[in-house]
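Please examine the structure shown here, which will be discussed in a series of questions and answers.

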Amino acid sequence: MLNSCIMHRHTGSAPGIMVWGGIGYHSRYPLVRIAGTLNSQRYISEVLKPVVLPYLQGLATAIFQHDNARPHVTRVVQRFFVNHQIELLPWPAHSRDISPLENMWSMVAQRLTQITPPVATPDQLWRNMWKLFGLLYPKNISSLFELTPRRVAAVISNNGGYSCY
(Lines give C-alpha, C1' and ligand atoms only; values in the text may rest on other atoms or scores of the structure.)
Protein backbone atom coordinates (compact mmCIF):
# COMPACT_ATOMS: atom_id res chain seq x y z
CA MET A 1 0.00 0.00 0.00
CA LEU A 2 1.26 3.45 -0.85
CA ASN A 3 0.46 6.37 1.38
CA SER A 4 0.77 9.79 -0.07
CA CYS A 5 0.97 12.93 2.01
CA ILE A 6 1.42 16.53 1.18
CA MET A 7 0.58 19.98 2.37
CA HIS A 8 -1.73 22.18 0.36
CA ARG A 9 -2.27 25.90 0.58
CA HIS A 10 -5.67 26.95 -0.68
CA THR A 11 -6.26 30.56 -1.49
CA GLY A 12 -9.11 32.30 -3.18
CA SER A 13 -11.38 35.16 -2.30
CA ALA A 14 -11.12 34.22 1.39
CA PRO A 15 -7.82 34.37 3.25
CA GLY A 16 -5.84 31.20 2.56
CA ILE A 17 -5.15 28.35 4.93
CA MET A 18 -2.54 25.62 4.93
CA VAL A 19 -3.78 22.06 5.20
CA TRP A 20 -1.90 18.78 5.48
CA GLY A 21 -3.63 15.68 4.27
CA GLY A 22 -2.89 12.28 2.92
CA ILE A 23 -4.43 9.36 1.12
CA GLY A 24 -3.80 5.64 0.96
CA TYR A 25 -5.02 3.29 -1.74
CA HIS A 26 -8.33 2.66 0.08
CA SER A 27 -8.29 5.33 2.75
CA ARG A 28 -7.36 8.82 3.82
CA TYR A 29 -5.62 10.40 6.76
CA PRO A 30 -7.42 12.99 8.86
CA LEU A 31 -6.79 16.53 7.66
CA VAL A 32 -4.61 18.79 9.77
CA ARG A 33 -4.94 22.56 9.66
CA ILE A 34 -1.52 24.17 9.89
CA ALA A 35 -1.39 27.53 11.64
CA GLY A 36 1.43 29.75 10.51
CA THR A 37 4.59 28.40 8.95
CA LEU A 38 5.40 24.71 9.05
CA ASN A 39 8.95 23.78 9.99
CA SER A 40 10.45 20.34 10.54
CA GLN A 41 9.80 20.29 14.30
CA ARG A 42 6.16 21.25 13.83
CA TYR A 43 5.84 18.70 11.00
CA ILE A 44 6.94 16.02 13.47
CA SER A 45 4.88 17.24 16.44
CA GLU A 46 1.67 18.24 14.62
CA VAL A 47 1.54 15.77 11.75
CA LEU A 48 3.90 12.81 11.93
CA LYS A 49 3.52 11.81 15.60
CA PRO A 50 -0.22 12.42 16.11
CA VAL A 51 -1.52 11.48 12.65
CA VAL A 52 0.91 9.51 10.52
CA LEU A 53 2.27 7.10 13.13
CA PRO A 54 -1.14 5.89 14.37
CA TYR A 55 -2.38 5.57 10.79
CA LEU A 56 0.63 3.57 9.62
CA GLN A 57 0.56 1.36 12.71
CA GLY A 58 -2.90 0.22 11.64
CA LEU A 59 -1.60 -1.08 8.31
CA ALA A 60 0.20 -4.33 7.61
CA THR A 61 2.58 -2.71 5.12
CA ALA A 62 2.98 0.81 3.88
CA ILE A 63 5.36 3.01 1.98
CA PHE A 64 5.11 6.66 2.88
CA GLN A 65 5.48 9.28 0.17
CA HIS A 66 5.71 13.00 0.60
CA ASP A 67 6.96 15.76 -1.60
CA ASN A 68 10.31 17.47 -1.25
CA ALA A 69 9.06 20.44 0.73
CA ARG A 70 11.79 21.79 2.98
CA PRO A 71 10.20 20.62 6.28
CA HIS A 72 9.95 17.08 4.87
CA VAL A 73 13.59 16.61 3.92
CA THR A 74 15.50 17.90 6.93
CA ARG A 75 17.82 15.59 8.82
CA VAL A 76 15.60 15.58 11.90
CA VAL A 77 12.59 14.43 9.85
CA GLN A 78 14.64 11.82 7.98
CA ARG A 79 15.90 10.55 11.36
CA PHE A 80 12.28 10.37 12.58
CA PHE A 81 11.42 8.03 9.69
CA VAL A 82 14.47 5.85 10.32
CA ASN A 83 13.79 5.68 14.08
CA HIS A 84 10.18 4.66 13.47
CA GLN A 85 11.10 2.24 10.67
CA ILE A 86 8.89 4.01 8.14
CA GLU A 87 9.80 3.17 4.57
CA LEU A 88 9.87 6.16 2.23
CA LEU A 89 9.17 6.20 -1.47
CA PRO A 90 11.87 8.20 -3.23
CA TRP A 91 10.18 11.12 -4.92
CA PRO A 92 11.68 13.32 -7.62
CA ALA A 93 11.67 17.07 -7.14
CA HIS A 94 9.12 19.08 -9.13
CA SER A 95 6.89 16.07 -9.83
CA ARG A 96 3.49 17.42 -8.83
CA ASP A 97 1.75 16.18 -11.96
CA ILE A 98 2.45 12.51 -11.16
CA SER A 99 1.37 12.67 -7.52
CA PRO A 100 -1.98 11.02 -6.71
CA LEU A 101 -2.44 13.46 -3.85
CA GLU A 102 -1.97 16.54 -6.02
CA ASN A 103 -4.74 15.24 -8.25
CA MET A 104 -6.92 14.66 -5.20
CA TRP A 105 -6.31 18.27 -4.08
CA SER A 106 -7.41 19.39 -7.55
CA MET A 107 -10.68 17.48 -7.09
CA VAL A 108 -11.27 19.12 -3.70
CA ALA A 109 -10.37 22.59 -5.05
CA GLN A 110 -12.73 22.18 -7.99
CA ARG A 111 -15.57 21.24 -5.64
CA LEU A 112 -14.74 24.21 -3.40
CA THR A 113 -15.27 26.58 -6.32
CA GLN A 114 -18.77 25.15 -6.84
CA ILE A 115 -19.97 26.03 -3.34
CA THR A 116 -22.31 29.00 -3.23
CA PRO A 117 -22.07 31.39 -1.65
CA PRO A 118 -18.25 31.30 -1.73
CA VAL A 119 -16.46 31.02 1.59
CA ALA A 120 -15.62 34.34 3.21
CA THR A 121 -13.44 33.32 6.16
CA PRO A 122 -10.58 30.90 6.79
CA ASP A 123 -12.79 28.94 9.21
CA GLN A 124 -15.47 28.48 6.55
CA LEU A 125 -12.80 27.37 4.10
CA TRP A 126 -11.46 24.86 6.63
CA ARG A 127 -14.92 23.42 7.33
CA ASN A 128 -15.67 23.07 3.62
CA MET A 129 -12.29 21.46 2.85
CA TRP A 130 -12.74 19.05 5.75
CA LYS A 131 -16.22 18.12 4.54
CA LEU A 132 -15.22 17.70 0.88
CA PHE A 133 -12.12 15.67 1.78
CA GLY A 134 -14.34 13.37 3.84
CA LEU A 135 -16.69 12.87 0.89
CA LEU A 136 -14.00 11.41 -1.36
CA TYR A 137 -14.98 7.84 -2.12
CA PRO A 138 -12.37 5.09 -1.72
CA LYS A 139 -12.85 4.12 -5.39
CA ASN A 140 -11.99 7.71 -6.44
CA ILE A 141 -8.88 7.62 -4.29
CA SER A 142 -7.73 4.21 -5.57
CA SER A 143 -8.25 5.33 -9.18
CA LEU A 144 -5.78 8.18 -8.57
CA PHE A 145 -3.13 5.63 -7.62
CA GLU A 146 -4.00 3.41 -10.59
CA LEU A 147 -3.37 6.30 -12.98
CA THR A 148 0.16 6.86 -11.64
CA PRO A 149 1.93 4.56 -14.15
CA ARG A 150 0.30 6.47 -17.04
CA ARG A 151 1.32 9.79 -15.50
CA VAL A 152 4.91 8.60 -15.10
CA ALA A 153 4.98 7.32 -18.70
CA ALA A 154 3.69 10.70 -19.91
CA VAL A 155 6.43 12.54 -18.02
CA ILE A 156 9.08 10.19 -19.43
CA SER A 157 7.78 10.52 -22.98
CA ASN A 158 7.88 14.31 -22.58
CA ASN A 159 11.58 14.18 -21.57
CA GLY A 160 10.77 14.81 -17.93
CA GLY A 161 8.49 17.75 -18.64
CA TYR A 162 4.89 18.44 -17.75
CA SER A 163 2.64 15.45 -18.37
CA CYS A 164 -0.70 17.27 -18.88
CA TYR A 165 -2.19 15.44 -15.86
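The questions below concern a predicted model, and they move from the overall fold to individual contacts.

Q: In what order do the helices and strands of the protein chain run from the N terminus on?
A: The protein chain contains six helices and five strands. Read from the N terminus on, the order of these elements is β-β-β-β-α-β-α-α-α-α-α.

Q: What share of the contacts in the protein chain with a separation of 6 or more comes from residues 24 or more positions apart?
A: The protein chain has 165 residues, and 45% of them are buried. Among contacts with a separation of 6 or more, the share from residues 24 or more positions apart is 64%.

Q: Which residue in E4 stands opposite Val19?
A: Strands E2 and E4 pair in the antiparallel sense, over three bridges. The residue in E4 that stands opposite Val19 is Arg33.

Q: Which residue in E3 is the bridge partner of Ile23?
A: E2 and E3 run antiparallel and are joined by two bridges. A hairpin of two residues connects E2 to E3. Within this pairing, the partner of Ile23 is Arg28.

Q: How far apart in space are His26 and Pro138, C-alpha to C-alpha?
A: His26 belongs to the loop between strand E2 (17–24) and strand E3 (27–28). His26 is exposed, because its relative accessible area of 51% lies over the 50% cut-off. In sequence, His26 and Pro138 are 112 residues apart, while their C-alpha distance is 5.0 Å.

Q: Which residue forms a salt bridge with Asp123?
A: Side chains of opposite charge can pair when their charged atoms come close. Asp123 lies in helix H4 (residues 122–134), and its partner lies 90 residues away in strand E4 (residues 32–34). The closest N and O atoms of the pair are 2.9 Å apart, and the partner is Arg33.

Q: Are Asp123 and Arg33 buried or exposed, or partly exposed?
A: A residue counts as partly exposed when its relative accessible area falls between the 20% limit for buried and the 50% limit for exposed. The value for Asp123 is 42%, and that for Arg33 is 31%. Both residues are therefore partly exposed.

Q: How far apart are the closest N and O atoms in the salt bridge of Glu46 with Arg42?
A: The structure holds two salt bridges, and one of them joins Glu46 and Arg42. Both residues lie in helix H1 (residues 40–57), four residues apart, or about one turn of the helix. Glu46 is partly exposed at 28% relative accessibility. The closest N and O atoms of this pair are separated by 2.7 Å.

Q: At roughly what angle do the axes of helix H5 and helix H6 cross?
A: Leu144, Phe145 and Glu146 of H5 meet Thr148, Pro149 and Arg151 of H6. By class, this contact comprises three nonpolar, one polar and two charged residues. The axes of helix H5 (residues 138–146) and helix H6 (residues 148–157) come within 5 Å, and the crossing angle is roughly 35°.

How values were computed
Residues numbered from 1 in each chain as written. Predicted model: local features only at pLDDT ≥ 70, side-chain atom pairs only at ≥ 80, totals over all residues. Heavy atoms only, no water. Salt bridge = Lys/Arg side-chain N within 4 Å of Asp/Glu carboxyl O. Buried < 20%, exposed > 50% of the residue type's maximum accessible area, 1.4 Å probe, protein only. Contact = heavy atoms within 4.5 Å. Axes fitted to C-alpha atoms, helices over the stretch in contact; angles between N-to-C directions. Nonpolar A, V, L, I, M, F, W, Y, C, P; charged D, E, K, R; others polar. Pairing = 2+ DSSP bridges.
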